[in-house]
Amino acid sequence: MKYIIMADGKGSRWNNYKDIPKHFIEIGGETLLKRTVRLLKEADPVCEVIITSHDPRYQVEGARRYEPKNNVLEIDRFTAELIEDNVCFLYGDTYYAESAIHSIVETQAEDLLFFGNEKSIVAIKVRKAELFSYHVNRVRNLFLQGKIKKCIGWQVYQSFLGLPFDEKRIAEKYICVEDGTRDFNSPEDLKNDRRIDS
């Protein structure tokens, strides 16, 4: 299995808080990126881990950094040229508990499988690349045509399951890891989390 940690976002909501990118938040003396790479390697020692980023500081031991060719829309974080059978996309600004990583690594996908909670998708396991690419491209086109307001992982999930785009609803092909993750999209997320090193 190949794991792709998406870390090439613009960080606009983070606004360089504490003079660091959000992926470098430390928990227990370890950045979010290093923690995710370590946990993936512990759960799947023979896996390949790729971090997508144009910033050389994002090179982490145990992973390879890759600079995406296209990164305009938020949905482009699913780097088109890296989509292939048996890959898993994870978000670089997410705290993953060990239990969440084990669930992501050990749960098999028949085609596409989404992991997250009621608020956020934190990983997408892709067994069939052609199917995933179809829904990513469909969502991008609908967004560019002004037919949907966002184009992120939720819209890919909604497209895949034929769900309405105007509401977040969990149906099948979704594994809840409610207590196993935490998103850090803004400084407020960091301030409200007690696990963070001061």
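What follows is a set of questions and answers on a predicted model.

Visitor: What kind of model is this, and which pLDDT do local features need?
Guide: Residues are numbered from 1 along each chain as its sequence is written, and side-chain values use heavy atoms, with hydrogens and water left out. The model is predicted; totals for chains, interfaces and linings use all residues, side-chain atom pairs count only at pLDDT 80 or more, and local features need pLDDT of at least 70.

Visitor: How many helices and strands does the chain have?
Guide: Helices (H or I, at least four residues) and strands (E, at least two) are DSSP runs, numbered from the N terminus. On that basis the secondary structure of the chain comes to 5 helices and 11 strands.

Visitor: What percentage of the residues count as buried?
Guide: Buried means under 20% relative accessible area, exposed over 50%, and partly exposed in between (1.4 Å probe, protein chains only). The chain has 198 residues, and the buried share is 54%.

Visitor: In what order do the strands of the open sheet lie?
Guide: Two strands pair if DSSP finds at least two bridges between them. The open sheet has 7 strands with mixed pairing, in the order β5-β4-β1-β6-β9-β8-β10. Its edge strands, each pairing on one side only, are β5 (64-66) and β10 (174-176). Within the sheet, β6 and β9 pair in the antiparallel sense over 4 bridges, and the order asked for is β5-β4-β1-β6-β9-β8-β10.

Visitor: Which residue in β9 stands opposite V87?
Guide: β9 covers residues 121-126. The residue of β9 opposite V87 is V126.

Visitor: Is I124 buried or exposed?
Guide: I124 lies in strand β9. Contact means heavy atoms within 4.5 Å. Leaving aside neighbours within four places in sequence, I124 is in contact with F78, V87, C88, F89, L113, F114 and F132. Its relative accessibility is 0%, so I124 counts as buried.

Visitor: Which elements do the buried residues of α3 pack against?
Guide: The buried residues in α3 are A129, F132, H135, V136, V139, R140 and L142. They pack against β6 (87-91), β8 (112-116), β9 (121-126) and α4 (153-161).

Visitor: Which residue just after α3 takes a positive phi?
Guide: Its phi is about 80°. The residue is G146.

Visitor: Why is the pair of W154 and Y157 edge-to-face?
Guide: Rings of Phe, Tyr and Trp (its six-membered ring) pair if their centres lie within 6.5 Å; planes under 30 degrees apart count as stacked, over 60 as edge-to-face and the rest as tilted. W154 and Y157 are 3 residues apart in helix α4, so about one helical turn separates them. W154 is buried at 4% relative accessible area, and Y157 is buried at 0%. The ring centres are 6.0 Å apart and the planes are at 75°, so the pair is edge-to-face.

Visitor: Which residues do ring pairs link into a cluster?
Guide: A search of the whole structure finds 10 aromatic pairs. The residues linked into a cluster are F114, W154, Y157, F160 and Y174.
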